[in-house]
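Please view the sequence and the structure together before reading the points below.

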Amino acid sequence: MKEIIQQYLEKYGFEALCPKAVLFDMDGVLYDSMPNHAVAWQRSMATFGIEMTASDAYATEGARGVDTIRMMVKKQQGRDIDEQEAQRMYDEKTRQFHLMPEAPIMPGVLELMKQIKDCGLQIGVVTGSGQRPLIQRLLNDFKNYLAEEHITTAYDVKRGKPNPDPYLAGLKKAGNLKSYEAIVVENAPLGVRAGVAAKIFTVAVNTGPLPDESLIKEGANLLFADMPSFNLQWNHLFHQIYDLR
Ligand code: CA
């Protein structure tokens with residue numbers, strides 16, 4: 001673990017990792033919602049003659065929905081569509097998503113948040129979603145750990161993941177933190193790329209069907225198979241970070 005932290009510090013020329021906040025992605029990290037998203041993507045895009053597989057949904061996870069749609073339309077129909085047309089198609093995806101049963105809280109995540117809070121760190125959420133009901137749900141489900149001003153959504157940034165912008169906005173909301181003052185928790189390749197691009201120590205939790213390699217190659221500093229595994233290692237990670245300071 002120490003070598004991994006040292007590699008991170010050397011890569012960016014930072015002196016120490018001094019985390020004050022943990023920034024969580026939402027879908028596939030806080031909620032086991034990716035299976036629902038994959039189905040909603042397939043069904044909604046089929047109505048527009050776009051073939052989107054579950055693998056496509058997982059591979060593009062984390063990007064703004066409208067960006068994914070413009071890319072798929074270009075690839076399959078050779079057309080450039082504007083943001084408004086993409087938004088109308090995305091509205092259908094949102095509608096399909098809301099027909100699905102409510103996704104459960106990811107097992108282990110409440111326990112992890114408790115440990116993080118007990119260590120004196122703040123919790124933030126950085127999501128590409130902009131759906132108000134989901135934000136309200138976050139505030140209900142994680143009320144002991146999360147405040148509304150620490151949630152960064154699609155509306156806070158112009159450029160979504162895999163750009164660093166959402167995580168840079170998350171650092172700002174956490175109290176103008178530097179990159180070495182936070183830890184990112186992500187499950188998707190584009191999300192990991194965004195955390196790494198923001199120079200934040202990025203933990204990948206592979207809760208979906210993609211191979212571990214897809215997260216490692218984007219630069220994830222640590223990888224766990226699921227949230228309970230991360231939960232078990234949290235104290236060890238925190239103490240190793242502390243020892244290196
Ligand atoms: Ca995600």
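**Cavities and the central sheet**

Domain 1 (2-33 + 103-243) and domain 2 (34-97) each contribute at least three residues to the lining of the largest cavity; the domain bounds come from an automatic or database domain assignment. The model is predicted: local features need pLDDT of at least 70, side-chain atom pairs count only at pLDDT 80 or more, and totals for chains, interfaces and linings use all residues. Residues are numbered from 1 along each chain as its sequence is written, and side-chain values use heavy atoms, with hydrogens and water left out.

**The largest cavity**

- Four cavities of 30 Å³ or more are found in a search of the whole structure. A cavity is a set of points, on a 1 Å grid over the protein atoms alone, where a 1.4 Å probe fits but cannot get out; lining residues have an atom within 4 Å of a point.
- The largest cavity has a volume of about 280 Å³, a volume being the space filled by probe spheres set on the grid points, which are joined across faces, edges and corners.
- Among the 21 residues lining the largest cavity, D27, H37, E61, G62 and A63 are the closest to its centre.
- The lining comprises six nonpolar, nine polar and six charged residues. Ala, Val, Leu, Ile, Met, Phe, Trp, Tyr, Cys and Pro count as nonpolar, Asp, Glu, Lys and Arg as charged, and the others, Gly among them, as polar.
- At least two lining residues come from each of helix 2 (34-46), helix 4 (65-77) and helix 5 (83-99). Helix 2 gives the most, with three residues.

**The sheet**

- Six strands form an open, parallel sheet in the order 3-2-1-4-5-6. Helices (H or I, at least four residues) and strands (E, at least two) are DSSP runs, numbered from the N terminus, and two strands pair if DSSP finds at least two bridges between them.
- Strand 3 (151-152) and strand 6 (222-224) each have a single partner strand, so one side of each is left without a neighbour in the sheet.
- Strand 5 (residues 201-205) pairs with strand 6 in the parallel sense over three bridges, and A204 stands opposite L223 in strand 6.

**Strand 2 and its neighbours**

- Four of the five residues of strand 2 (residues 122-126) are buried, so strand 2 is largely enclosed by the rest of the structure; buried means under 20% relative accessible area (1.4 Å probe, protein chains only).
- Strand 1 (residues 21-24) pairs with strand 2 in the parallel sense over four bridges, and Q122 is the bridge partner of A21.
- Strand 2 and strand 3 run parallel, joined by two bridges, with V125 opposite I151.

Technical notes: On a 1 Å grid over the protein atoms alone, a cavity is a set of points where a 1.4 Å probe fits but cannot get out, and a pocket is an open set with protein on both sides within 12 Å along at least five of seven lines; lining residues have an atom within 4 Å of a point. Buried means under 20% relative accessible area, exposed over 50%, partly exposed in between (1.4 Å probe, protein chains only).
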